[in-house]
Amino acid sequence: MGDDAWKSLPKRMRPETQQQVIRQLGELHCRQDHPFAVVLHGGEPLLIGAARLKELLTDLRSVLPAPCSISIQTNGVLITDEILDVCAAHDVGISVSLDGPAGIHDSCRVDRRDRPTHSAVVAGIERLKSHPAAEQLFSGVLAVVDPTSSPAAVYAFFKELDVPSVDFLYRDGNRSVLPHGKAAIESVEYGTWMTDILHAYLADQSPPRIRFLDDIMKLLLGGSGVKEGVGLTDFGIAVIDTDGSITKTDTLKSSTPGDRFDELWSVHTHELAEVVQSPAFRYYHDQQRPTAAECRACPQLSVCGGGMLTHRYDDENGYDNPTVFCADQKLLIAHMAEILAPHLNVSVAA
């Protein structure tokens with residue numbers, strides 16, 4: 001959405017930056033009373049190659065034993081047997097970014113020469129599925145929703161590909177810059193699309209897991225969710241860029257102007273364990289809970305959670321608004337509650 005700060009960052013972490021990150025994650029683990037997750041994310045983490053990946057994961061695991069999880073979010077193109085062996089040896093999960101059939105995926109995900117990537121991604125997934133440790137390694141796919149696509153075709157594609165789970169994400173956008181395919185703040189293109197996925201999911205006798213839908217169901221039944229942006233579970237998310245800078249979750253860079261800490265924190269000059277205890281980080285953490293009066297009075301708040309912070313932004317009120325996907329979420333949640341109501345003691349919120 002226009003943020004190009006990545007252009008000023010190094011393409012890879014220098015060894016000294018990497019070692020500072022590992023040391024500080026180990027220190028954070030020692031000082032916290034609960035485990036946390038580390039995700040190697042994009043650009044494309046597999047660009048470092050199998051040898052450097054092995055070195056990194058060996059060092060990370062030396063300071064972050066289970067139950068701390070380590071995972072990789074990859075575009076799948078560079079998956080090799082050697083990389084899979086390294087990940088298996090260090091108990092590292094792999095999620096692959098894949099938006100659906102070729103026509104949908106290749107409309108946005110192309111290589112540096114604007115060539116389609118779908119076939120290469122699917123080949124990487126097939127290699128991952130054929131590995132002896134596939135059940136341990138393959139956590140599923142991350143798919144960004146295109147509300148102009150066919151939900152039935154997308155679901156059928158992932159079903160045929162036999163992925164263990166699909167994590168559907170709404171597209172980045174906000175109340176001032178609407179997400180792709182959304183005509184107005186009040187329109188329900190995304191909610192309608194996810195409702196169609198829900199019907200396919202419930203009709204399938206052996207479906208892949210869909211965390212977004214699973215979490216809403218659990219929350220409607222009085223349980224808790226695990227996905228950011230759903231329910232009232234708190235997530236403390238810090239991003240460490242390739243230069244060692246400690247920043248907010250990347251999606252907030254889509255706000256105008258890109259939302260970053262005022263403090264210039266870095267693993268070279270600050271301790272991560274102290275940063276996450278600072279007033280500025282605590283305020284950023286607390287922002288996950290919606291502040292808009294409409295949200296706080298909403299009967300669906302315990303399920304919706306107000307959505308992701310980045311989706312609440314507008315140029316006038318900052319984040320003091322309902323999510324741009326409010327109407328979509330109300331539609332989906334009410335429809336799911338209606339399906340559950342005849343079988344369980346679930347009331348349908350208006």
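Helix 1 (residues 15-31) packs against helix 2 (residues 49-63) at an angle of about 25°, and their axes are 8 Å apart. Keep in mind that this is a predicted model. Angles under 35 degrees count as roughly parallel, so helix 1 and helix 2 are put down as roughly parallel to each other. Helix 1 passes helix 2 in a right-handed crossing. On the helix 1 side, the residues that meet helix 2 are Q18, Q19, I22, L25, G26 and H29, and they face R52, E55, L56, D59, L60 and V63 of helix 2. Sorted by class, that contact has 5 nonpolar, 4 polar and 3 charged residues.

Now for another helix pair. Helix 9 (residues 211-220) and helix 14 (residues 326-340) pack at about 60°, with 10 Å between their axes. That makes the two helices oblique to each other. Here, too, the crossing of helix 9 past helix 14 is right-handed. Helix 9 brings F212, L213, I216, M217 and L220 to the contact, while helix 14 brings Q329, L332, I333, M336, A337 and L340. The class count reads 10 nonpolar, 1 polar and no charged residues.

Here are the two pairs together:

| Helix pair | Angle | Axes apart |
|---|---|---|
| Helix 1 and helix 2 | about 25° | 8 Å |
| Helix 9 and helix 14 | about 60° | 10 Å |

On to helix 7. Which residues of helix 7 are buried? In helix 7 (residues 151-161) they are P151, V154, Y155, F157, F158 and L161. Looking down the axis of helix 7, these buried residues fall within an arc of 160°, so they line one face of the helix. The face turned away from that buried side carries A152 and E160, which are exposed. What covers the buried residues? The cover includes helix 4 (102-105), helix 5 (118-130), strand 4 (138-144), strand 5 (165-169), helix 8 (189-203) and strand 6 (209-210).

Last, a single residue. I240 sits in strand 7 (residues 239-240). Leaving aside residues up to four places away in sequence, I240 touches M13, V21, S245, V267 and L272. The C-alpha atom of I240 is 8.1 Å from that of S266, and these two residues are 26 residues apart along the chain.

Methods. Residues numbered from 1 in each chain as written. Predicted model: local features only at pLDDT ≥ 70, side-chain atom pairs only at ≥ 80, totals over all residues. Heavy atoms only, no water. Buried < 20%, exposed > 50% of the residue type's maximum accessible area, 1.4 Å probe, protein only. Helix = DSSP H or I, 4+ residues; strand = E, 2+ residues; numbered from the N terminus. Arc of directions from axis to C-beta. Contact = heavy atoms within 4.5 Å. Axes fitted to C-alpha atoms, helices over the stretch in contact; angles between N-to-C directions. Parallel < 35°, antiparallel > 145°, perpendicular 65-115°, else oblique. Left-handed = near helix turned anticlockwise from the far one by under 90°. Nonpolar A, V, L, I, M, F, W, Y, C, P; charged D, E, K, R; others polar.
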